[in-house]
Structure formats: structure tokens, C-alpha cells
Amino acid sequence: MDDWIDYYDSTHTIYVSKLHRDVHFRVIANDILEYVPSPDAVVLDYSCGEALFAAQVAAACQKLILAEPAPGVRGRLTARFGPNPKIAVSSLDDLQQLSNGSVDLAVMISVAQYMTPAELDRAFALMRRVLKPGGRLVVGDILRPEVGAAADVTALLKLAAKNGFLSDALWGLARTALSDYWQLRQSIGLQRYSATDMIAKLNAAGFTASLAKTNVGYNPARMTFVATAGT
């Protein structure tokens with residue numbers, strides 16, 4: 001995961017424009033809101049990225065923990081949300097200090113593909129520890145083994161056409177094809193899971209898991225899983 005952390009902490013071209021970045025994070029925030037169980041909930045967003053619309057999620061819960069491994073991104077989160085008393089910014093290492101059963105909802109959106117299976121197992125074990133009995137873990141944007149990069153391109157172009165940045169998307173795809181992102185994607189690869197394999201992985205970590213009807217985010221070719229912590 002370290003190489004991907006370095007990439008997202010650099011001046012990258014994964015977003016074709018500021019509008020693309022804004023739409024991306026707005027869609028994710030709106031989808032996360034659907035899972036917030038109550039205004040009293042403590043919510044953990046694991047490897048949250050820029051989380052531009054975290055304030056909207058925080059408004060719907062008691063506390064929102066934004067955990068981000070990239071130091072530069074984490075600094076921007078602190079600058080952006082520092083004045084908000086309902087938002088706490090932390091590193092992934094800081095999560096070890098969370099008390100057992102202190103979180104109602106944890107989300108990991110578009111994260112698993114960058115982690116080795118062993119790293120993901122450790123993250124699931126941490127989520128299992130910090131979640132309350134009956135608390136939920138939402139693991140979103142999981143890549144299917146049979147779905148390739150063409151599906152990602154199609155989803156981006158549909159999002160761009162709907163939100164008015166199609167021209168930027170076309171130019172951005174051309175730039176990204178020559179960027180460090182595709183070099184990393186080809187050299188390191190992205191982890192992919194079938195629904196059966198991901199459910200088995202979550203069950204092994206102590207969750208009862210199922211495939212959600214819709215994916216968190218704008219790419220319908222990817223999957224989201226909802227896992228409930230046991231007693």
C-alpha cells in the first residue's frame with residue numbers, strides 16, 4: 001500500500017478537473033450518509049482521502065473520524081476541518097488508540113484494491129475490535145476479477161457527461177494513460193475480489209457480511225459489502 005500512499009500524496013492526475021474531484025467526493029459522502037445509523041453515531045472513515053464533503057457526514061452524526069495514511073492529505077484535512085468540533089483527523093496508526101466497541105459505523109471506500117490481502121485482513125481485524133456489537137462496516141468500490149479498466153473509463157465518462165466535465169474527462173484520460181497511475185497499476189496491480197471471496201474474508205474477521213444492492217460511488221461495475229460485527 002505504501003507506493004499508492006506516496007502516489008496519492010503527490011501532485012497526481014487521478015482527477016481530470018476540480019469539478020471531477022468535487023463530484024467524486026460529493027457522491028461518496030451522499031452514499032455514506034445512507035448508512036449513518038443515528039445522530040448519536042460515531043463514524044470512522046478509513047483511508048478517507050480528501051473527503052471534501054465530510055462536514056455533511058459529520059452533521060448527521062455525533063463524531064466523524066477521518067483516518068488518512070498520506071501525510072500531505074492529512075495536513076489538508078486538518079486545515080480544512082480543524083475548526084469543526086465534530087471531526088477528528090488521524091493517521092491509521094492513531095486508530096490503534098481507539099477503545100474497543102467505540103465506533104458505530106466504519107467505512108472503507110475505494111481502499112481495498114490498494115492493499116495486500118494481509119493488509120486488508122489487519123484492517124478488518126481493527127474494524128472488528130473498534131466497532132460496537134451490531135455496528136456495521138461498509139466496504140465499497142471493490143473491483144470484480146472479471147471487470148477491467150474499460151468499465152472504469154465508461155463509468156467516468158458517464159459521470160462526466162452527467163455533471164458537465166466530459167471534455168476534461170477525455171483529455172484527462174489521455175493524460176492519465178501516460179501518468180504514474182497507470183505505471184503503478186500495471187507494475188503493482190490492483191487487488192480484485194469476487195463477492196464470494198470478499199464475504200468469506202469478512203466472515204473470517206468476525207463479521208456477518210452481504211453484498212449491497214448498489215455500490216458506494218459512481219461506478220456500478222464495482223461492489224459494496226455491508227458487514228455487521230458480532231457480539
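## Basis of the values

The model is predicted: local features need pLDDT of at least 70, side-chain atom pairs count only at pLDDT 80 or more, and totals for chains, interfaces and linings use all residues. Numbering runs from 1 along each chain as its sequence is written, and side-chain values use heavy atoms, with hydrogens and water left out.

## Cysteines

A disulfide is a covalent bond between the sulfur atoms of two cysteines. Here the term is applied to a pair of cysteine sulfur atoms within 2.5 Å. Searching the whole structure gives zero disulfides. Cys-48 is in no disulfide, and the nearest cysteine sulfur to its own, that of Cys-61, is 13 Å away. Cys-61 is likewise in no disulfide, its nearest cysteine sulfur being that of Cys-48.

Cys-48 counts as buried because its relative accessibility is 9%. Cys-61 is buried too, with a relative accessible area of 1%.

## Nonpolar cores

A nonpolar core is a set of buried Ala, Val, Leu, Ile, Met, Phe, Trp, Tyr and Cys residues joined through side-chain atoms within 4.5 Å. The largest one has 34 residues, and those that touch the most other members are Leu-44, Tyr-46, Met-108, Met-127, Leu-137 and Leu-202. Elements that each supply at least two residues of this core include strand E1 (42-46), strand E4 (103-109), helix H5 (117-130), strand E5 (131-142) and helix H9 (195-204). Helices (H or I, at least four residues) and strands (E, at least two) are DSSP runs, numbered from the N terminus. H5 gives the most to this core, six residues.

Contact means heavy atoms within 4.5 Å. Not counting residues up to four places away in sequence, Leu-137 touches a set of residues among them Ala-106, Met-108, Phe-124, Met-127, Leu-202, Phe-207 and Phe-225.

Rolling a probe the size of a water molecule over the atoms shows where empty space is left. On a 1 Å grid over the protein atoms alone, a cavity is a set of points where a 1.4 Å probe fits but cannot get out; a pocket is an open set with protein on both sides within 12 Å along at least five of seven lines; lining residues have an atom within 4 Å of a point. Grid points are joined across faces, edges and corners, and a volume is the space filled by probe spheres set on the points.

The second largest pocket has a volume of about 170 Å³. Helix H2 (18-33) and helix H6 (149-163) each supply at least two residues of its lining, and H6 has the largest share, six residues. Among the lining residues are Val-23, Arg-26, Lys-158, Leu-159, Tyr-218 and Pro-220. By class, the lining has six nonpolar, two polar and three charged residues, where Ala, Val, Leu, Ile, Met, Phe, Trp, Tyr, Cys and Pro count as nonpolar, Asp, Glu, Lys and Arg as charged, and the others, Gly among them, as polar.

Leu-159 lies in helix H6 and is buried, with a relative accessible area of 8%. Its C-alpha atom is separated by 8.6 Å from that of Val-23, 136 residues apart along the chain. Leaving aside neighbours within four places in sequence, Leu-159 is in contact with His-20, Val-23, Phe-165 and Tyr-218.

## Cavities

The count comes to two cavities of 30 Å³ or more. About 40 Å³ of space lies in the second largest cavity. Of its 10 lining residues, Leu-143, Val-147, Asp-152, Arg-192 and Arg-222 lie nearest its centre. The lining of this cavity has three nonpolar, two polar and five charged residues.

## Single residues

Ala-51 has a positive phi, near 45°, in a residue other than glycine. Ala-51 is in the loop between E1 and helix H3 (54-59) and is buried at 8% relative accessible area. Asp-141 also has a positive phi, near 65°; Asp-141 is found in strand E5 and is buried, at 10%.

Asp-9 sits in the loop between helix H1 (2-8) and H2. Asp-9 counts as partly exposed because its relative accessibility is 27%. Asp-9 and Pro-69 are 60 residues apart in sequence and 9.1 Å apart in space, C-alpha to C-alpha. Beyond neighbours within four places in sequence, Asp-9 is in contact with Ala-70, Pro-71, Gly-72 and Val-73.

Terms used. Buried means under 20% relative accessible area, exposed over 50%, partly exposed in between (1.4 Å probe, protein chains only).
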